[in-house]
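User: I'd like to learn how to read the features of a model like this one, step by step. Could you take me through it?

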Amino acid sequence: MAEQRKLDTFPEENVTEIRINTAYAAVYFEETKDHQIRVEAEKIGEEDYSCTLQEGCLEVVLEQKRKFFSVRHGDVPVIRLYLPRGHRFHAITLKNGAGDVHMEQEKISCDTIKAEIGAGKWTVSGMIVEKCLRAEIGAGDVTMSQMDVKRMDVSCGVGNFNYQGKLSGDSKIECGMGNCKLQLDQKESDFGYDMKLGMGKIVVNNRSIKNKETRIRRENTLGTLSLECGMGKIEVETE
């Protein structure tokens, strides 16, 4: 099967939502100075890949129908999305089985983002989320820095989740056997806390939580952090 390269271009004003669904690929979000959204794909099989725009939703799908796949020989498909600087999306949906997704170059702004990360990596920097960020992490690794998010809802299985930035609403972290770390650019007193502990660890500013259930209520906070830890570890650091 011959490998293909494809290029699709769409007017910026026609795209309000992005959906990315990849079985295995390296995905890069890049910045462009023009008013076109460009999607470039290479090392793909023609029957594996599609890029469509319907009713404002740009959907990029890369299935993996090939039975044999050689990472060693540089066989990893690559998808690059070039987005105009400052463009705001209503919604972004990301589903990544394996491979790396890079969102650290383009400063993305959206109302909501929902991600499912299987065994891959997701790196984000400087994202603004006006309403809610939702993420389901299996065995993958997620790293977020310089974030500004209203609310966050994260479920982490055996993977790793690292978040640095701001939160301004009720947020929830569920950790099974993985590791979750929040480095917040805010004070501990800016939040209330609702913590449930199994056999793992919850640590807030170097203080280990001992009780199975701990609730800390405060008035005039930004929101409540709900932390549920099974056998893994959740760590919170504040200013």
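Analyst: Let's begin with a term: a strand here is a DSSP run of E with at least two residues, numbered from the N terminus. Keep in mind that this is a predicted model. With that in hand, take T214, which sits in strand 20 (residues 213–216).

User: Is T214 buried or exposed? And what is T214 in contact with, leaving aside its neighbours in sequence?

Analyst: Buried is under 20% relative accessible area. T214 comes in at 15%, so it counts as buried. Leaving out neighbours within four places in sequence, its contacts are Y193, D194, M195 and I209.

User: Next, pairing of strands. Which strands are joined to strand 3 by bridges?

Analyst: The idea is that two strands pair once DSSP finds at least two bridges between them. Strand 3 (residues 26–32) has strand 7 (residues 78–84) as a parallel partner, with seven bridges. It also runs parallel to strand 9 (residues 100–103), joined by two bridges. You can pick out facing residues too: Y28 is opposite R80 in strand 7, and V27 is opposite V101 in strand 9.

User: Why is strand 3 described as largely enclosed?

Analyst: Because five of its seven residues are buried, strand 3 is largely enclosed by the rest of the structure.

User: How do I read ring against ring?

Analyst: A pair of aromatic rings is described by two things, the distance of the centres and the angle of the planes. Searching the whole structure turns up one aromatic pair. The partners are F161 and Y163, with centres 6.4 Å apart and 25° between the planes, and the pair is stacked. Planes under 30 degrees apart count as stacked.

User: On to the core. Which residues touch the most other members of the largest nonpolar core?

Analyst: In general, nonpolar side chains in soluble globular proteins tend to be buried together. Here the largest nonpolar core has 63 residues, and those touching the most other members are W122, L133, M152, F161 and Y163. Strand 13 (residues 141–156) gives the largest share of this core, seven residues. Now look at W122: beyond four places in sequence, its contacts include L94, V101, M103, I113, A135 and M144. V101 is the residue you saw facing V27.

User: Where is D153, and what does D153 touch?

Analyst: D153 is also in strand 13, but at 29% relative accessibility it counts as partly exposed. Not counting residues up to four places away, D153 touches L133, R134, A135 and K172. For D153 and A135, the separation is 18 residues in sequence and 6.5 Å in space, C-alpha to C-alpha.

User: How many disulfides does the count come to?

Analyst: The cut-off you need is a pair of cysteine sulfur atoms within 2.5 Å. By that rule there are zero disulfides. C57 shows the reasoning: its closest cysteine sulfur, in C51, is 11 Å away, so it is too far for a bond. C110 is in no disulfide either, with the nearest cysteine sulfur, that of C132, 10 Å away. Both cysteines are buried, C57 with a relative accessible area of 10% and C110 with 0%.

User: Last one, the backbone. Which residues other than glycine have a positive phi?

Analyst: Most residues other than glycine have a negative phi, so exceptions are worth a look. K43 is one of them, with phi near 60°. K43 lies in strand 4 (residues 36–45) and is partly exposed at 29% relative accessibility. N206 is another, with a positive phi of about 70°. You'll find N206 in the loop between strand 18 (201–204) and strand 19 (207–208), and it is exposed, with a relative accessible area of 70%.

Definitions and conventions
Residues are numbered from 1 along each chain as its sequence is written. This is a predicted model: local features need pLDDT of at least 70, side-chain atom pairs count only at pLDDT 80 or more; totals for chains, interfaces and linings use all residues. Side-chain values use heavy atoms; hydrogens and water are left out. Buried means under 20% relative accessible area, exposed over 50%, partly exposed in between (1.4 Å probe, protein chains only). Rings of Phe, Tyr and Trp (its six-membered ring) pair if their centres lie within 6.5 Å; planes under 30 degrees apart count as stacked, over 60 as edge-to-face and the rest as tilted. Helices (H or I, at least four residues) and strands (E, at least two) are DSSP runs, numbered from the N terminus. A nonpolar core is a set of buried Ala, Val, Leu, Ile, Met, Phe, Trp, Tyr and Cys residues joined through side-chain atoms within 4.5 Å. Contact means heavy atoms within 4.5 Å.
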